[in-house]
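Q: Could you walk me through this model, starting with how its elements are defined?

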Amino acid sequence: MIDKIMLQMFHIRQVFPGVIALDDVDFDLQRGEVHILLGENGAGKSTLIKILSGAYQKTSGLIKLEGVEIDIKNPRHAQTLGISTIYQEFNLVPHLNVYENIFLGREPVSIPGVTNRGEMIRKAEEILDDLGVAIDVHAPVRTLGVAQKQMVEVAKALSMDAKILIMDEPTSTLTDREIQDLFSMIRRLKKKGVSIIFISHRLEEAYDIGDRVTVLRDGRHIGTCDMDQIQKTDLIKMMVNRELKEQYPRIRMQAGEEILRVENVNKKGILKDITFSLHRGEILGITGLMGAGRTELARILFGVDQFDNGQFVFKGKMITIQSPRKAINLGIGFLTEDRKSQGLILKQSLQENICLPSIERFSRWGMMDVQKENLITERYIKELKIKTTGSRQKVKYLSGGNQQKVVMGKWLATQADIFIFDEPTRGIDVGSKVEIYQWMNRLTKNGSGLIMMSSEMPEILGMSDRILVMRHGHIAGEFLPDESAQETILQCALGVKNE
Amino acid sequence: MNKQIKNFLIHHGRQFGTLIGLFVLIVVLWIFSPFFLTFSNLLNVAQQTSINAIIAVGMTFVIISAGIDLSVGSIVALAGVVLASTLHRGVPLPFAIMMGLGVGFLCGLVNGILITQGRLPPFISTLGMMSVARGTALLFTQGRPISGFSADFRFLATGEILRIPMPVVMMIMIYIVAHFVLKSTKLGRYTYAIGGNEEAAILSGVNVKFYKTIVYGICGLFSGTAAVLLSARLNSAQPIAGMMYELDAIAAVVIGGSSLMGGEGTVIGTLIGAFIMGVLRNGLNLLGISSFIQQIIIGSVIIVAVLVDMALKKHQTS
């Protein structure tokens, strides 16, 4: 029985100046198990895995690996102990090819100083074969997709004889099909006795792949149990300690007049004959696989990218949208998919971020009205319940959910009529998610029209009033949100014919 | 109350660090050379620092926008010789000065256009401009200096207001305006936004190409300003003037706490940075330390300043 236990952590405590990130947390991992780590942003998941990966030194507590007490000194040390971590941001060198990346820093040598290419290639192919993935080991990593890069990371970990694999939200940027591939690979690893710590915000996945689950909240261990013995609603309760009435609190209402009509928009090789309309008070969900053209469509609607032909009718008038400035002035807001690289200026304060798109309202003759800015910022901090030390705090110090609320505030401040949300809740905690959904309700109630691009099916079904499915740059189908539609929507997105 | 002080220190601690560095430097030099801390020598330091400090203002804008400008020294030379020859042709003083400033601004705009429209990295386009402007200045003058100006013009460098030399007065005025522009205008806000995250700035409706071009134009304009002061001080405009000025300006900005990654920095920091360099040069001269050793010391100070800066920033985040 002892043999089954891979890793034990007792009374782990991690203190940062002014914050207790982890308080008396116990955790254990068995051989060949997938252990899901759940918790809202800021619950302590990242801290826990950073202790295991050697990035942080625990303040106190005890860690045993296969029954032996260990002290993980640094990331390199963790790897030699057999603990490998795959972060959301990959540690790969884009210009090197697959096998060079797998063995980076540990290249087998023939003569000292000369790498043994043949050996590297052979071993790399062996590992990838073992994982059941087909990737050309000679391909430069930059030419690979996200899912393939992830596989290369896993291969790299296995080349170091990883016994424990930590995956930090590995599915957040994958399409459904890629997730299935990842899961089948994880099942192979389990059979080989590799233990996996899997962090995710998606409960559906947890049930799909997990054996056991541990929930953290506010740096404390709330509970650990077998996946098949706990209900989803109970898990949510453990995570947030408040009963969420509904995960998707959409209040549907009668759609109003048409506010935007998109007619026959084409862009060679990317979009084909896109036609749809959006009404006041409506959430139009647009889904599809990655690369189906959702983000590209959003960027054209917002004047970022050019297109070949097609037209827009906005409030009954033909318009052109040449630039984001023009789009903002017309009353269109675009909440981009990636808040860190596109949505926010991390080095700047909440105030500077929130006021940036609507800067014209806060300036006269090029001079800023800081007082007015401050007023608006304080208002959105309060209304959106952003947890911050104040309007002058830099947004990089906020948690993911709070950062997303800043993005929200930034566009609310423009008082737009149309909001385009691209993956509005990716990678944020359940509590913040619901708050953002409630804001969507409020916006539609006030007569705005919302376009929500999302690859999360429950979100699309739960929040949309109408659903468009995109595939290969065109609109493949339109559906009403209905539990039973899930399957047909997925088939439509995948292009599978239903006989 | 305590929290307020703490917040203030967290937000401004970086500048206090440099300021403390400057004071330590002054005290050390004062101990070694009592003459250092006399009013006339301090004015002397301020006057010597003013030209680098003015160029460094423009450089601060550029570096905050996540760019770099290597051409400032050459622009000083080109603007200087154009100004001088205009003066020698009997053009009224204000117009001649406007010519000098205009040449600087124009060179900066060309840099900006090459970067935004030509999509060149700032390093490359300003490296090119560095050579082009220098060559043009040499060609224009056949390599010879243009010397001898009217007293009116020389007043810009030799005159005093309340015993403070004109270049110092101008430097102070420029810093007040530049500080205001960065902190309280749309242009300033956009400069930080572009440097902080260009993509996010574009998606927030900022006309990045336009404002970036303006930022390089401003940098050129300040180089032109420096050219006016330098020519007036030397009573001569030389096509080989301003050599290595770009490095002094970049050093002042970096010592002052701006990140070469863009998005952060202040002109106050730059001013302190420029003064650290100026005080060091002056003090080392007073102590009779050879210019060879001076270079080693100044280089080391730049490196240490940035190392300390990085350590402080790391401390802030954790």
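A: Helices and strands are DSSP runs numbered from the N terminus, where a helix is H or I with at least four residues and a strand is E with at least two. The model is a predicted one, in which local features need pLDDT of at least 70 and side-chain atom pairs count only at pLDDT 80 or more, while totals for chains, interfaces and linings use all residues. Residues are numbered from 1 along each chain as its sequence is written, and chains are lettered from A and ligands numbered from 1 in the order in which they are written.

Q: What does A:Gly477 touch, leaving out residues up to four places away in sequence?
A: With those left out, A:Gly477 touches A:Val469 and A:Cys492, where a contact means that the C-beta atoms of two residues, placed from the backbone, lie within 7 Å. As for A:Gln229, it is 248 residues from A:Gly477 in sequence and 38 Å from it in space, C-alpha to C-alpha.

Q: And A:Val406, buried or exposed?
A: A:Val406, which sits in helix H14 (residues 400-412) of chain A, counts as buried because it has 24 C-beta neighbours inside 10 Å. Not counting residues up to four places away in sequence, A:Val406 touches A:Leu344, A:Leu350, A:Asn353, A:Ile354, A:Ile386, A:Val395 and A:Leu398.

Q: Zooming out, how many helices and strands are in chain A?
A: Chain A has 17 helices and 22 strands. Its radius of gyration is 24 Å, close to the 23 Å that the globule rule gives for 499 residues, so chain A is as compact as a globular protein of that length; the radius is taken over C-alpha atoms, and the rule is 2.2 Å times the number of residues to the power 0.38. The C-alpha trace of chain A spans about 70 × 50 × 50 Å along its principal axes, and 46% of the 499 residues count as buried.

Q: What does the domain assignment of chain A give?
A: It gives domain 1 (2-240) and domain 2 (258-494), with bounds that come from an automatic or database domain assignment. The centres of the two domains, taken over C-alpha atoms, are separated by 33 Å, and the contact takes ten residues from domain 1 and twelve residues from domain 2.

Q: Changing topic, in what order do the four strands of the open sheet run?
A: The order is E12-E11-E14-E15 in chain A, with antiparallel pairing; two strands pair if DSSP finds at least two bridges between them. Strand E12 (271-279) and strand E15 (317-319) stand at the edges with a single partner strand each, so one side of each is left without a neighbour in the sheet. Strand E11 (residues 258-267) and strand E14 (residues 309-314) pair over five bridges, and A:Asn266 stands opposite A:Asn309 in E14(A).

Q: Last one: how many residues of chain A are in contact with chain B?
A: There are 25 residues of chain A in contact with 19 residues of chain B. Helix H10 (324-330), helix H11 (339-343) and strand E18 (367-368) of chain A each supply at least two residues of the side of chain A that touches chain B.

Terms used:
Buried ≥ 20, exposed ≤ 12 C-beta atoms within 10 Å, placed from the backbone.
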